[in-house]
Amino acid sequence: MSPQVTSVIIEVSYLCAVVLFVLSLKWLSAPSTARHGVLAGEIGMALAVAATLLYHGIVSYHWIVAALAVGCVVGIPLGLVPMTAVPQRTALSHAFGALAAAMVGTAEYYLDAPHISAFTMSALAIEVILGSLTFTASLMAAGKLQEVLPQRPITYKGQNFVNLSLLAAAVLVAVYLVLNPGATYLFPVIVAIPLLFGFLMVIPIGGADMPTVISLLNSYAGLSAAAMGFVLGSKLLIVAGALDGSSGFILSIIMSRAMNRSFTNVLFGAFGQVQESAAKVEQKPVRSATPEDAAAILEAASSVMVIPGYGMAVAQAQHRVRELYDILTRRGADVKFAIHPVAGRMPGHMNVLLAEADVPYDKLLDMDEANLEFPQVDVALVIGANDVTNPAARHDRGSPIYGMPILDVDKARTVMVIKRSLSPGFAGIDNELYYMDKTLMLFGDAKAFVGSIVRELSASGNAHA
Amino acid sequence: MSDLMSNLYVLVLAGFLGFEVIRRVSPLLHTPLMSLTNALDAIAVVGAIVIAGEQRSTLATVLGTLAVAASASNVVGGFLITDRMLRMFRAGAKTKAS
């Protein structure tokens, strides 16, 4: 084939890939068509890669084939991780994507310097800066999620000043490079500083802020790919990067809204600081109950709302919860799940865990749907969720979470909370829900406790039969 | 310059399109959404293949090859896990009947 024919084939394949990528995301909007979306994405990807391999400028395939093989060897296990490990896997894949962008950008720079136009150099600088900082920030996030690094926010005096100065320094060097693209000795600086910045950026971020941070890093990874598209003059990359970037951006907005915080507040105002001031609460009396009591109350309920949180994921209790769902549903109760947008460690985390446990997705309600139902609910069962149920967010102006949208668990007729102990949540805020007259505290491990409730219920069920 | 402008048009339009399409994704599927966009974003593999294959300098070949491996793992892993997640989402009996 002549180079002209191949380049037409490549361009047309890329155009088809773009169409398939957009369809892929469109089909993802509903669970019934979502899997077609994955197929469309796969076809588009295969088409684009196959067409690229025809490119006449490729002089040798050895390294490409070897690298693709390595990619499969690394990628397949990452695609088969258990659902509980999905947040850290996602963070890791952002790191890989960002690394690829940073490396391609670096290669392009040294191939073309100093003959780089100011515009291309700007795109290159954005690509490399975003790629590098996203790489280390995502690795840090993955480390915190996998708990190889401490989940607690680590803060020190002048932290924000140090971080912002670093970023400003990187931007200044980038501007200098745009004006003088031949200054190759400065290029390593816009790789090194962002690498350090990404690392420092995630240090002060606690586990509960991870949904926002992961979404933000998703957006950065997309933007660096779009910048790469400008450098390489590839519209396919620009479109894919823009789609990923806007997806991450939308998710970050949803997440920060759900916590009533701004991006800057998540990135620069570590929540851990309020710990000391708010944690000193005098002991108030709570009512606690045994699995037998809980089973008796659930037996009498005709509508039950389960509120899962990160604690359910930690205790791996989702399969027990599903058994509880089954047994109560069989007894004729209406059982649903109320899912707060930031429950868990990434957007949609709880939905995936419950779907894995085989809970039908039409029983999983989002916050607005659930809040309409709470006043009619007999029993609200909170499993491992804390701050997202705290009524103080509605009325206590002094509370650090004041204004955060919450699940109106306190409006249910009876509230039961499974919790290890009365220790406050990540924000260090006492939850007044626990001290209400209609609240019963069920102290214990979520998995074990739900298991004993299920045993009680099935025993009493057999006794009646 | 015209090339630059048309690329900017593409970026802006794709951004809007992405915003409209992704806004409609139910919160139920936000995790699969993130892993799918991540897999699609790994289309950066095509840029990396060109850099690795042209072999214009040793540095470029090494960096390009590493970038191919990194993006390819996102392609494979991203599609695989998205599909696994979506297979788990099933409707209840009532919805099936209606």
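Chain B contains 5 helices and 0 strands, and its order along the sequence is α-α-α-α-α. The radius of gyration of chain B is 19 Å, well over the 13 Å that the globule rule gives for 98 residues, so chain B is more spread out than a compact globule. The C-alpha trace of this chain spans about 60 × 30 × 15 Å along its principal axes. The model described here is a predicted one.

Within chain B, 63% of the 98 residues count as buried. Of the contacts in chain B between residues at least 6 apart in sequence, 60% join residues at least 24 apart.

The two chains meet through 79 residues of chain B and 94 residues of chain A. On the chain B side, the elements that give two or more residues are helix H1 (2–23), helix H2 (30–41), helix H3 (45–54) and helix H4 (58–88). Among these, H4(B) gives the most, with 27 residues. The side of chain B that touches chain A is made up, by class, of 47 nonpolar, 24 polar and 8 charged residues.

**Domains of chain A**

Chain A is divided into domain 1, residues 102–271, and domain 2, residues 283–464. The C-alpha centres of these domains of chain A lie 37 Å apart. Contact between them involves 15 residues of domain 1 and 11 residues of domain 2. On the domain 1 side, helix H8 (210–232) and helix H9 (235–258) of chain A are the elements that give two or more residues. That side of domain 1 has 11 nonpolar and 4 polar residues, and no charged residues.

**Strand pairing in chain A**

Strands E1, E2 and E3 of chain A are linked by the pairings tabulated here.

| Strand pair | Direction | Bridges | One bridge in the pair |
|---|---|---|---|
| E1(A), residues 303–308, and E2(A), residues 334–339 | parallel | 4 bridges | Met305(A) with Lys336(A) |
| E2(A) and E3(A), residues 364–366 | parallel | 3 bridges | Phe337(A) with Leu364(A) |

Between E2(A) and E3(A) the chain passes through helix H15 (residues 349–356) of chain A, and this β-α-β crossover is right-handed. As background to these strands, side chains in a regular strand alternate between the two faces of the sheet.

**Backbone features in the loops of chain A**

Most residues other than glycine have a negative phi, and most peptide bonds are trans.

A cis peptide bond, with omega of about 0°, joins Ala113(A) and Pro114(A). Pro114(A) is placed in the loop between helix H4 (86–112) and helix H5 (118–145) of chain A.

Glu147(A) is a residue other than glycine with a positive phi, near 65°. The loop that holds Glu147(A) runs between H5 and helix H6 (159–179) of chain A. Glu147(A) has 11 other C-beta atoms within 10 Å and is exposed, because a residue counts as exposed with 12 or fewer.

Gln316(A), also not a glycine, has a positive phi of about 55°. Its loop lies between helix H13 (310–314) and helix H14 (318–330) of chain A. With 14 other C-beta atoms within 10 Å, Gln316(A) is partly exposed, because this count falls between the limit of 12 or fewer for exposed residues and that of 20 or more for buried ones.

Definitions and conventions. Residues are numbered from 1 along each chain as its sequence is written. Chains are lettered from A and ligands numbered from 1 in the order in which they are written. This is a predicted model: local features need pLDDT of at least 70, side-chain atom pairs count only at pLDDT 80 or more; totals for chains, interfaces and linings use all residues. Domain bounds come from an automatic or database domain assignment. Two residues are in contact if their C-beta atoms, placed from the backbone, lie within 7 Å. Ala, Val, Leu, Ile, Met, Phe, Trp, Tyr, Cys and Pro count as nonpolar, Asp, Glu, Lys and Arg as charged, and the others, Gly among them, as polar. The radius of gyration is taken over C-alpha atoms; the globule rule is 2.2 Å times the number of residues to the power 0.38. Two strands pair if DSSP finds at least two bridges between them. A crossover is right-handed if, with the strands pointing away from the viewer, the path from the first strand over the helix to the second runs clockwise.
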